[in-house]
Amino acid sequence: MLGEGILKGLAETARNFFGSFVSKERLTTVQFPEERLPQPEAARNFPFLVYDGDDSQAGLRCVACQICEKECPPKCIFIQKSSDKKPDYIGKQQFYPAVFNIDVSVCMSCQICVEVCPFDAIEMDNAFELSTTDRFRGLLWSREQLAKPNSYFHNIHPATAAEVDERLAEAKARAEAKAKPTVAASTTSQPDSQTTTS
Amino acid sequence: MTETMDQIFVLLKHRILAHSPVSVQPIFSAALSAIAILVVFATLFALTTILERKGLGRFQNRYGPNRVGPFGLLQPLADGLKSLTKEDIVPHSADGVVHMLAPIVLVVAAFLGYAVLPLGRNMTAINLDAGLLYFFAASSVVELAIFMAGWSSRNKYSLLGAMRAIAQMISYEVPLILSTITAVMAAGSLSTGAIVESQTGYSGIWPHWFVFTPWGFAGFVLFMIAGIAESNRSPFDLPEGESEIIAGYFVEYSGFKFALFFLGEYIGMFAICGLAITLFLGGWAAPFSFLTWAPSYFWFFAKLLVLIAMLIWVRATLPRLRMDQLMNFAWKFMLPMALINLFAASTWHFTPPGAIRWIVGTILIAVPYLLLGRGLMQSNKLEKRTYRFAD
Amino acid sequence: MSFAIIAVFTVAGALAAMTLRNLVHCVLALVVAFTGLAGLYLQLGAQFVGFAQILVYVGAVAILIVFAMLLTQSHEPLAHLTVAPGWVTSSLVAVAVFVILAWSIRSSAVGARSIQPRPEITVRNIGDSLMSQFVVPLEVTGLLLTAALVGAVTIAMREQRMNR
């Protein structure tokens, strides 16, 4: 009969209408700022620099090798190498980034910087509320803003962080085992670096 | 007390008028009514936008706007401020004067119809002898405004939208007017006040509304369908089909002019609903004889809100029609049904009251409906639609 | 007073409809003239005719003209004001017609007739007389219009078949 389908449709929408007041399962909307869904483990948005220890600047793993800067497809990373060196986690003398900037508005969250980093110094963050009222300085993140502790990394990506820690510990152990016979050599290199700074 | 409550606005108007000199009283009286109508219906428009958005949300299992103010009730205010502060863009090649006039003509024409709607007992702005004719004359100007908007924008989409809108409105005006004629025949007058007066009686507790007769019910349904089409609302909103012609005749309008179009559309919709109430749902009359203590204007607005809710419900349910479906529906179904309904109504008047009248009246409408429906279904081969790619 | 305003309105609309270069503007000016005419009818107390004027002329005729114009030719505005050849003759004819009409009205008995109080004509009266006294003319008009409609549909359909 003509019009039967319309009545059926009206009944269906009416059921939705009253059902949405009665049963909460019907309302699938998550009221965002107040309610948040947990982010999936693999969620990523913007890179950050991992540091070990307590000092966010001294503990940076980054050695300013500039591989990420070169590999970054949209060229949003800017690194200036330091003139001096400091020891890294295994005690080897390395440069460190005097300036490390990433432009939030240019970054495309591709994670290539993370893939290419040989030192596991840069990792992807899952924070996504990066909006700011200043579109120039506010979107250009410096070393200080990018640095986040390793515990934070463990917090957001536990599996990857554990893997990275394991790898680093292994590397450190290997380096120590190698360095044991030549402890003197490593100690002699330290004054060496001091001379370069002075 | 009930009497005073019922007539409170009329008395208030007389009280105000008593303070003005006699020479300006007619103009002053008209101005007072006009201001009241403007304020009340503009407020109702604001209220409806938020109710519609919240209602549509619930129909689609969403919350709807709930951020501005308590339960999102201040959303219309935010929308209004936004549209006021937006830049008013006029396209370079647009026809400036016509482009500016179109929304104004639309809103004025949409508001004109309210002059003859009885909003309560003795609450008609002008009780014209040819009230219904006036209403349709005023609403026919809307078509012109839409054409002005579509043409002056110098945009293919807006011109297409305007042509669609005009074609649709002209086609549906025929069944719209034909379906009102049944009520005019029953009341024996074109005056909206007289039409309401003829429905105010009660048998027992049941009212004498025209909708409670076979022809009145059919007329009401036909009128509402044609009215929805006339006010370009979903499912007949293809003049502004976003997916094909972006927004139809008001593509090139922004800021406050766009808000005026929006206002005009809703005002037109309220006017059509108000006319449907006047013609078929007993105007300001109470639905049961024991409810007559409530003021008449209360009943009018209660019915108006119910009809608006119906329209929102329909909007939430039905998808947009295609142009050929729209035209086929108008000329192959609506027009014959309106004519048959006219015949049924006149048969009703010439049959003595009683059960036989009901049976004859129902058969006269139901049988053609079924036959027409079956015929249309067969000729169009409307089967269950299968989709090649969607499954 | 109100007559003067409405008359100026109407004449201005009519003049604009003749002189404007853009055809759509002409139609819109014509609508103004139609509305002014409706205003004149209303001022004379002829409600039915006034509203019917708006309903039919503004709502239907103007839209019909618009459709005809948009569907037939490009509506680029003309570069300059065109005057039809032989405008002198035609304006002379127009003036002559006006003079003859004015003279005949002046000299007829209408002018000498005393003005009677205006009868109260309601829509009901119009309906009654249309359905009783003037039922034959009404039906003939209806038949004529239907015939025109059927004719138009036939012409349109034949064209469609030729296109195939």
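1. Let's start with chains B and C. Together they bury about 2,100 Å², with 78% of that on carbon and sulfur atoms. Buried area here is the accessible area, taken with a 1.4 Å probe, that two parts lose on being put together, summed over both. On the chain B side, the residues that lose the most area to chain C are Leu133(B), Leu144(B) and Trp151(B), which together give 26% of what that side buries.

2. Before you go further, keep in mind that this is a predicted model: local features need pLDDT of at least 70, side-chain atom pairs count only at pLDDT 80 or more, and totals for chains, interfaces and linings use all residues. Residues are numbered from 1 along each chain as its sequence is written, chains are lettered from A and ligands numbered from 1 in the order in which they are written, and side-chain values use heavy atoms, leaving out hydrogens and water.

3. Who touches whom? Contact means heavy atoms within 4.5 Å. Two pairs of chains touch, and the pair with the most contacts is B and C. There, 23 residues of chain B meet 23 residues of chain C. Chains A and C have no contact, and their closest C-alpha atoms are 28 Å apart.

4. Now for the polar side of the B and C interface. You'll find zero salt bridges there (a salt bridge is a side-chain nitrogen of Lys or Arg within 4 Å of a carboxyl oxygen of Asp or Glu). There are three residue pairs in polar contact, both residues at pLDDT 80 or more. A polar contact is a pair of N or O atoms within 3.5 Å; within protein, one must be able to donate a hydrogen and the other to accept it, and residues adjacent in sequence count only if both atoms are side-chain atoms.

5. Over to chains A and B, which bury about 1,800 Å² between them, 63% of it on carbon and sulfur atoms. Leu2(A), Leu10(A) and Gln31(A) supply 33% of the area that chain A buries against chain B, more than any other three residues. In all, 20 residues from chain A and 18 residues from chain B take part in the contact.

6. Which residue of chain B forms a salt bridge with Glu34(A)? The partner is Arg67(B), and the closest N and O atoms are 3.1 Å apart.

7. Finally, have a look at the rings. Rings of Phe, Tyr and Trp (its six-membered ring) pair if their centres lie within 6.5 Å; planes under 30 degrees apart are stacked, over 60 edge-to-face, and the rest tilted. The count is 37 aromatic pairs over all chains. Phe111(B) and Tyr114(B) have ring centres 5.9 Å apart and planes at 45°, so this pair is tilted. Phe333(B) and Tyr369(B) pair edge-to-face, at 6.0 Å centre to centre with 70° between the planes.
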